[in-house]
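Trainee: I'd like to learn how to read a model like this one, feature by feature. Could you walk me through it?

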Amino acid sequence: MRKAKPKKRVILPDPVFNDQKVSKFVNHLMYDGKKSVSYKIFYDALDIVKGKTQDEGKEPLDIWKEALDKITPQVEVKSRRIGGATFQVPTEIRPDRKTSISMKNLINFARKRAGKSMAEKLAAEILDAYHEQGGAYKRKEDLHRMAEANRAFAHFRF
């Protein structure tokens, strides 16, 4: 690279839980710079999660973090062209990219769900991910399965 790497921006923690991970998630959730709307959606979703999991005795933020951990992929496949053929080469993912992928998957599959409000759809997807089911969890499993199937090409890693 010719230029120096750009500096990482510092993300301020959210006002309620004082957590940077929440702010990152809300930034992924945001449309058209409407951060207050996305904060409201996220906090409403956590309230719904709290209402549905009162008997477990866990905080909704902990459930959300555990759900994110369960849908975080460890490996992905990248296309690599060698000698005219294109191979799907399994590679490990950087830690910051792992969290970003899991957050985006959770949000995208929540948006695709059928439901009344985004908060309800997000809460349902969080609970499904927590119980190791739903679209985001299936996406992680498919990614791992594809990497396992193409393990023979791992020596083409770059």
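This is a predicted model: local features need pLDDT of at least 70, side-chain atom pairs count only at pLDDT 80 or more; totals for chains, interfaces and linings use all residues.

Trainee: Let's start with the layout. How many helices and strands does the chain have, and in what order do the elements run?

Mentor: There are six helices and two strands. Reading from the N terminus, the order is α-α-α-β-β-α-α-α. The C-alpha atoms fill a box of roughly 55 × 40 × 25 Å along the principal axes.

Trainee: What share of the residues is buried, and what share of the contacts comes from residues 24 or more positions apart?

Mentor: Of the 158 residues in the chain, 37% are buried. Among contacts with a separation of 6 or more, 60% join residues 24 or more positions apart.

Trainee: On to packing. What describes two packed helices?

Mentor: Two things: the angle between their axes and the distance between those axes. Take helix H1, residues 20–29, against H2: the axes are 9 Å apart and the angle is about 115°. That makes H1 roughly perpendicular to H2. The crossing of the two is right-handed.

Trainee: Which residues make the contact between H1 and H2?

Mentor: From H1 you have Val22, Ser23, Phe25, Val26, Asn27 and Leu29, and from H2 you have Lys35, Ser38, Tyr39, Ile41 and Phe42. By type, the residues of this contact are seven nonpolar, three polar and one charged.

Trainee: And how do H2 and H5 cross?

Mentor: Helix H2 covers residues 35–52 and helix H5 covers residues 118–130; their axes come within 8 Å and cross at roughly 55°. So H2 is oblique to H5. This crossing is right-handed.

Trainee: Which residues are in that contact, and how do they divide by type?

Mentor: H2 brings Ile41, Phe42, Asp44, Ala45, Ile48, Val49 and Lys52, while H5 brings Met118, Ala119, Glu120, Leu122, Ala123, Ile126 and Leu127. They divide into 11 nonpolar, no polar and three charged. Note that Ile41 and Phe42 are in the H2 list here, and Ile41 and Phe42 also belong to the contact of H2 with H1.

Trainee: Now the rings. How many aromatic pairs are there?

Mentor: The structure holds seven. In one of them, Tyr39 and Tyr43 are stacked, with 5.7 Å from centre to centre and 15° between the planes. Both sit in helix H2, four residues apart, which is about one turn of the helix.

Trainee: What is the geometry of the pair Phe87 and Phe153?

Mentor: The ring centres of Phe87 and Phe153 are 4.7 Å apart and the planes are at 40°, so the pair is tilted. Phe87 lies in strand E2, residues 85–92, and Phe153 in the segment after helix H6, residues 135–149, so the pair ties together parts that are 66 residues apart in sequence. Phe153 is partly exposed, with a relative accessible area of 27%.

Trainee: Which residues do ring pairs link into a cluster?

Mentor: Phe17, Phe25, Tyr39, Phe42, Tyr43 and Trp64.

Trainee: Last topic, the backbone. Where is Asp32, and what is its phi?

Mentor: Asp32 is in the loop between H1 and H2. Its phi is positive, about 50°, although Asp32 is not a glycine. Asp32 is exposed, with a relative accessible area of 76%.

Trainee: And what about Glu132: where is it placed?

Mentor: Glu132 is in the loop between H5 and H6. Here, too, phi is positive in a residue other than glycine, near 55°. At 42% relative accessibility, Glu132 counts as partly exposed.

Technical notes. Residues are numbered from 1 along each chain as its sequence is written. Side-chain values use heavy atoms; hydrogens and water are left out. Axes are lines fitted to C-alpha atoms, for helices over the stretch in contact, and angles run from 0 to 180 degrees between N-to-C directions. Angles under 35 degrees count as roughly parallel, over 145 as roughly antiparallel, 65 to 115 as roughly perpendicular and the rest as oblique. A crossing is left-handed if the near helix is turned anticlockwise from the far one by less than a right angle, and right-handed if clockwise. Contact means heavy atoms within 4.5 Å. Ala, Val, Leu, Ile, Met, Phe, Trp, Tyr, Cys and Pro count as nonpolar, Asp, Glu, Lys and Arg as charged, and the others, Gly among them, as polar. Rings of Phe, Tyr and Trp (its six-membered ring) pair if their centres lie within 6.5 Å; planes under 30 degrees apart count as stacked, over 60 as edge-to-face and the rest as tilted. Buried means under 20% relative accessible area, exposed over 50%, partly exposed in between (1.4 Å probe, protein chains only).
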